[in-house]
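Please look at the sequence and the structure shown below. The paragraphs that follow lead through some of their features.

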Amino acid sequence: MKKIREFWDSLDDLTTVSKRELFLEVVCCALAGFMIGILFSPKKTTIIGSNNGNGRAALDDEDAIEEID
């Protein structure tokens, strides 16, 4: 606990940071946030469309392909 207190007290010093370094820190934090959000988000099954049989499933059937040609 003493080491943590010493570290915490050492954070009071003022430092200068270049704009480039600040920008890269913000980008890294944003990307880390996106990755954590993707990894820990609940898994969802999203279906776009009605799945009524129209579309790609018909093209996989050889008879349907011959009818189209």
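**From one residue to the whole chain**

Leu11 is partly exposed, as its relative accessible area is 47%; by this scale, buried means under 20%, exposed over 50%, and partly exposed in between, with a 1.4 Å probe and protein chains only. Leu11 is placed in the loop between α1 and α2. Together with Phe7 and Trp8, Leu11 makes a nonpolar surface patch of about 380 Å². Patches consist of residues with over 30% relative accessible area and no salt bridge, like charges being joined within 9 Å and nonpolar side chains (Val, Leu, Ile, Met, Phe, Trp, Tyr) within 5 Å. A salt bridge is a side-chain nitrogen of Lys or Arg within 4 Å of a carboxyl oxygen of Asp or Glu.

The model is predicted: local features need pLDDT of at least 70, side-chain atom pairs count only at pLDDT 80 or more, and totals for chains, interfaces and linings use all residues. Residues are numbered from 1 along each chain as its sequence is written, and side-chain values use heavy atoms, with hydrogens and water left out.

A patch of negative charge on the surface brings together Glu6, Asp9, Asp12 and Asp13. Of these, Glu6 is placed in helix α1, residues 2-10.

Ser18 lies in the loop between α1 and α2, the latter spanning 19-40. Ser18 is partly exposed, with a relative accessible area of 41%. A polar atom of the Ser18 side chain lies 3.2 Å from the backbone nitrogen of Glu21.

The protein chain as a whole has four helices and zero strands; helices (H or I, at least four residues) and strands (E, at least two) are DSSP runs, numbered from the N terminus. Of its 69 residues, 1% count as buried.

Note on methods
Areas by Shrake-Rupley, 256 points an atom, 1.4 Å probe, with all protein chains shown as cover. Lys, Arg positive; Asp, Glu negative; His and termini not counted. Charge placed at Lys NZ, Arg CZ, Asp CG, Glu CD. Polar contact = N/O pair within 3.5 Å; in protein donor to acceptor, adjacent residues only side chain to side chain.
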